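Dear colleague,

Please find below the structure that I am handing over to you. I would be grateful if you could look through it before reading my notes.

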Amino acid sequence: MKTNVRDFRRQQTPAEQALWELLRDRRLDGLKFRRQFPIAIFIADFCCFELKLVIEVDGGVHELPYQKAHDENRDTYLRSLGYTILRLPNEQILTDPATVMRRIRNEAQRIQSPP
């Protein structure tokens, strides 16, 4: 798994690279995000472990039926471990980073202040 994680970090997509630049070094409200973070048998694109917030960067492949089914199963499993999953499309990350950051911030605040 360690080898896979290292490889994934070296082979980030442009959208993953762009989002990492926005999240790294506690740039979003002091929250620590890790990239290509192993959780059980899966590797999350980004994770704020403190909040159990997973961010997945979704490209076109995630629209394919088999990938949608895989993503749903994976999300269900991660939710069973107490994680919240936020899926963001590549295009939005690359063209509207302000909205992306607002969505992540809102989700983080929602987790920190449950009803």
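The notes below begin with the protein as a whole and then turn to individual residues.

Please keep in mind that this is a predicted model.

The protein contains 5 helices and 4 strands. Along the sequence, these elements follow the order α-α-β-β-β-α-β-α-α. Of the 115 residues in the protein, 41% are buried. The accessible surface amounts to about 6800 Å², and carbon and sulfur atoms account for 51% of that area. As for contacts between residues at least 6 apart in sequence, 56% of them join residues at least 24 apart.

Helix α3 spans residues 65–80, and S80 is part of it. S80 has a relative accessibility of 55% and therefore counts as exposed, since the cut-off for that class is over 50%. A polar atom of the S80 side chain lies 2.5 Å from the backbone oxygen of Y77.

L81 is located in the loop between α3 and β4, the latter covering residues 84–89. With a relative accessibility of 32%, L81 counts as partly exposed, because this value falls between the 20% limit for buried residues and the 50% limit for exposed ones.

With kind regards

Key
Residues numbered from 1 in each chain as written. Predicted model: local features only at pLDDT ≥ 70, side-chain atom pairs only at ≥ 80, totals over all residues. Heavy atoms only, no water. Helix = DSSP H or I, 4+ residues; strand = E, 2+ residues; numbered from the N terminus. Buried < 20%, exposed > 50% of the residue type's maximum accessible area, 1.4 Å probe, protein only. Polar contact = N/O pair within 3.5 Å; in protein donor to acceptor, adjacent residues only side chain to side chain. Contact = heavy atoms within 4.5 Å. Areas by Shrake-Rupley, 256 points an atom, 1.4 Å probe, with all protein chains shown as cover.
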